[in-house]
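Hello,

Here is the structure I promised to pass on. Please open it first, and then read my notes below alongside it.

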Amino acid sequence: MHITITLQSDTPWEIPVNYNHFLQAVIYRHLSPEFAEFLHNQGYIVDRRRFALFSFSRLIGPHDYVSASKMLVFQNTAKLMLSSPIEQFIREITQVLLMEGIRIGSQFLRVTSIQTEIFKVEKSVIEVETLSPVVAYSTLLRSDGRRYTKYQAC
């Protein structure tokens with residue numbers, strides 16, 4: 001499931017250019033404490049790897065970059081996209097966001113709309129377009145037993 005959240009402020013607002021941790025904190029804060037703790041500390045395990053099974057976009061909307069302060073200044077409106085195959089994740093986050101709005105750093109933003117899309121995969125091969133780069137890697141062992149990471153070109 002995929003949701004697009006439209007955020008609104010009455011005035012332009014700013015956020016540090018490296019703000020992903022703010023968005024991740026917002027997401028966990030808008031889930032029930034038990035579910036947030038499960039996703040953050042345990043997650044869903046497949047082949048000894050842990051997955052939270054959600055992704056989020058960068059903030060999308062008109063903005064300016066202020067190089068002196070390394071801040072982005074958004075012009076009132078921005079969109080945030082969230083995706084997850086876990087219905088509980090989408091249900092919890094949309095209910096809370098609609099009631100409470102969202103605080104990113106020190107800025108409070110109203111949620112003016114949430115659009116939901118459900119994608120049905122009907123083929124064994126599909127083409128996708130990502131909103132951010134995909135990083136694929138493998139953790140391997142050296143002959144001396146030490147681990148190293150090999151990144152794959154995508």
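This is a predicted model: local features need pLDDT of at least 70, side-chain atom pairs count only at pLDDT 80 or more; totals for chains, interfaces and linings use all residues.

**Starting in a loop**

R48 is found in the loop between β3 (44-46) and β4. Residues are numbered from 1 along each chain as its sequence is written, and side-chain values use heavy atoms, with hydrogens and water left out.

Back to R48: its phi is near 65°, a positive value in a residue other than glycine. Is R48 buried or exposed? R48 is exposed, with a relative accessible area of 84%. For these words, buried means under 20% relative accessible area, exposed means over 50%, and partly exposed is in between (1.4 Å probe, protein chains only).

K70 also has a positive phi without being glycine, near 55°. You will find K70 in the loop between β6 (63-66) and β7 (71-74), and at 53% relative accessible area K70 counts as exposed.

**The chain as a whole**

The protein chain has 3 helices and 12 strands. Its C-alpha atoms fill a box of roughly 60 × 40 × 35 Å along the principal axes. Of the 154 residues, 30% count as buried. Contact means heavy atoms within 4.5 Å; among contacts with a separation of 6 or more, 65% come from residues 24 or more positions apart.

The chain exposes about 10700 Å², and carbon and sulfur atoms supply 52% of that area. The areas come from the Shrake-Rupley method with a 1.4 Å probe, and for residues only the protein chains shown count as cover. As for charge, the mean positions of the 16 positive and 14 negative charges are 8 Å apart. In that count Lys and Arg are positive and Asp and Glu negative, with His and the chain ends not counted; each charge is placed at NZ of Lys, CZ of Arg, CG of Asp or CD of Glu.

**Pocket and cavity**

Grid points are joined across faces, edges and corners, and a volume is the space filled by probe spheres set on the points.

The largest pocket has a volume of about 1700 Å³. Its lining has 37 residues, of which F54, S55, F56, S83 and S132 lie nearest the centre. Elements that each supply at least two lining residues are α1 (20-29), β4 (49-51), β5 (55-56) and β8 (77-83).

How many cavities of 30 Å³ or more does a search of the whole structure find? The search finds 1. The largest cavity is lined by I5, V26, I27, L80, L82, I93, L97 and I102. α1, β8 and α3 (87-100) are the elements giving two or more residues to that lining.

In α1, the buried residues are L23, V26, I27 and Y28. They pack against α2 (33-41), β5, β8, α3 and β9 (102-104).

- L72 sits in strand β7 and is buried at 8% relative accessibility. Leaving out residues up to four places away in sequence, L72 touches W13, E14, I15, V17, Y19, H63, D64 and Y65.
- Q107 is in strand β10 (residues 107-117) and is buried, with a relative accessible area of 19%. Beyond its neighbours within four places in sequence, Q107 is in contact with S9, W13 and I102.
- F51 belongs to strand β4 and, at 37% relative accessibility, counts as partly exposed. With neighbours within four places set aside, F51 is in contact with G43, Y44 and V46.
- I118 lies in the loop between β10 and β11 (136-141) and is exposed at 66% relative accessibility.

Best wishes

Terms used. Helices (H or I, at least four residues) and strands (E, at least two) are DSSP runs, numbered from the N terminus. On a 1 Å grid over the protein atoms alone, a cavity is a set of points where a 1.4 Å probe fits but cannot get out, and a pocket is an open set with protein on both sides within 12 Å along at least five of seven lines; lining residues have an atom within 4 Å of a point.
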